[in-house]
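The sequence and structure are shown first.

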Amino acid sequence: MMQEGNQKHSQSTLGLYIHVPFCSSTCDFCAFYQERPSKKKMESYFTGLQKEWKQANLAQPVDTVFVGGGTPGILQPDQLKRLCEFIKGMGLGEKVEWTVELAPNEVTEEKLSVLHKGGVNRISLGVQTFDAELMVALGRKHGPEKVFRAYDMIRETGFKSVNLDLIFGIPHQTINQWESDMTQAVELDPDHLSTYCLTFEEDTALYYRLAKGELSINPEKEAAFYERAWEFLPGKGYSQYEVSNFAREGYACVHNLNTWKMNHWVGLGPSACSQYQGRRWKNPSNLEQWLTGVSNGFSREDYDEFLEISHHTLAEDALLFGLRMNQGINLAEIANRFGLSKEYQKQLIHFFKALGKVGLIKQSGEWISCTQEGRIRADAIAAQIPVVEGISV
Ligand code: SF4
């Protein structure tokens, strides 16, 4: 019998993520699965994508597409054309938002032209910083001039929606340098800005330096960087809609919103994650293992992670991600959507009231959202959201 949760979610929108697992750089902060490309690996990758897509056998059109990596821009123009044709053949919704992530080093006029003609309508450029010294600290292999040239080419090609990714909390970065990065980003006039706090992921060069004591983490300084962005960017016309994301009106990233609202998403390629019809899984972060999985048909054990998800898990995650958004959450709507018991709703109301008393949460009509202080502590708040014992998976 179909689970009640599946019935409730059958109308969810669908986001498609495609992971291009190739890159020729080794940025010191990068924990994304990627390896050096070769002609043979590239060919197997395309064959694997086709097979995985057929196996997914989705019963609804794709509403958003996000191609990330690795570095999708490492694909040559003929390979990008092939990827675009493959994606177009998937049955895209009429107003699909279709993003491709590009590293400045890999941007060329020819590749951009192929993407534009192929149907891509949003480019996300991995700037990280405009500061030449901080670029070295991150292990980037190019200077700021590459970023400016790449941005100009993107606009000249005719892309109407452009995001810039920035990183803060880089070792030895000052607040003034952060403000200078934001100023230079705003001067380029993008439509969207994502601002991420540097994290020290395992198996990255920065993580080893942290482990050796050469670097340290300073939560107060990180909070100051966050707060500077939250004051600065809205003043320049970029409304904050999530802890790390800012957009001009009408340019919020629909693909990310789809994920944060706990709708459906399906990821293709090594290390890609999916959440579809009551299940959540992560593909193996290894090209060979992924290819074996798509050739033989994946069983649960072949995935890096696999989970049957209950309504309550989805509801908890909708609360967790919802609280990171400026709009916040509508508890009644979440309760109705995920079929939450009255008892659990009471626990949540009690929890939010307690947070309201200490100034971390505010309420406006039916909506509950974090105050600025609460948003700084969004992860800690999320970790304390009551769990329904015996029901949540
Ligand atoms: S360019 Fe992107 S994928 Fe490649 S190492 Fe740097 S951050 Fe990672």
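In which sense do β4 and β5 pair, and over how many bridges? The model is a predicted one. In it, the two strands β4 and β5 pair in the parallel sense, and five bridges join them.

**Strand β4 and its partners**

Strand β4 covers residues 122-128, and β5 covers residues 162-168. A further partner of β4 is strand β3 (residues 92-102), which runs parallel to β4 and is joined to it by four bridges. Ser-124 illustrates both pairings: Glu-101 stands opposite Ser-124, and in β5 the bridge partner of Ser-124 is Asn-163.

Strand β4 is mostly covered, with seven of its seven residues buried. In a regular strand, side chains alternate between the two faces of the sheet.

**A three-stranded open sheet**

Another sheet is open and consists of three strands in the order β13-β15-β14, with antiparallel pairing. The edges are held by β13 (329-330) and β14 (361-364); each has a single partner strand, so one side of each is left without a neighbour in the sheet. Between β13 and strand β15 (residues 367-370) there are two bridges, in the antiparallel sense. Ile-329 has Ile-368 in β15 as its bridge partner.

**Aromatic contacts**

The count of aromatic pairs comes to 15. Two of these pairs are set out below.

| Pair | Distance between ring centres | Angle between planes | Class |
|---|---|---|---|
| Tyr-45 and Trp-290 | 5.9 Å | 40° | tilted |
| Phe-168 and Trp-178 | 5.0 Å | 45° | tilted |

The pair of Tyr-45 and Trp-290 counts as tilted because its planes stand at 40°, a value between the limits of 30 and 60 degrees. This pair links distant parts of the chain: Tyr-45 lies in helix α2 (residues 39-56) and Trp-290 in helix α11 (residues 287-296), 245 residues apart. Tyr-45 and Trp-290 are both buried.

The pair of Phe-168 and Trp-178 connects strand β5 with helix α7 (residues 175-188), its members being 10 residues apart. Phe-168 and Trp-178 are likewise buried. They belong to one aromatic cluster together with Phe-225, Tyr-226 and Trp-230. Over the ring of Trp-230 sits the charged end of Arg-375, 5.7 Å from the ring centre.

How many disulfides does the model contain? The count comes to zero. Cys-253 is in no disulfide, and the nearest cysteine sulfur, that of Cys-273, is 16 Å away, whereas a disulfide requires sulfur atoms within 2.5 Å. Cys-253 has 1% relative accessibility and therefore also counts as buried.

Methods:
Residues are numbered from 1 along each chain as its sequence is written. This is a predicted model: local features need pLDDT of at least 70, side-chain atom pairs count only at pLDDT 80 or more; totals for chains, interfaces and linings use all residues. Side-chain values use heavy atoms; hydrogens and water are left out. Rings of Phe, Tyr and Trp (its six-membered ring) pair if their centres lie within 6.5 Å; planes under 30 degrees apart count as stacked, over 60 as edge-to-face and the rest as tilted. Buried means under 20% relative accessible area, exposed over 50%, partly exposed in between (1.4 Å probe, protein chains only). A charge sits over a ring if NZ of Lys or CZ of Arg is within 6 Å of the ring centre and within 35 degrees of the ring normal. Two strands pair if DSSP finds at least two bridges between them.
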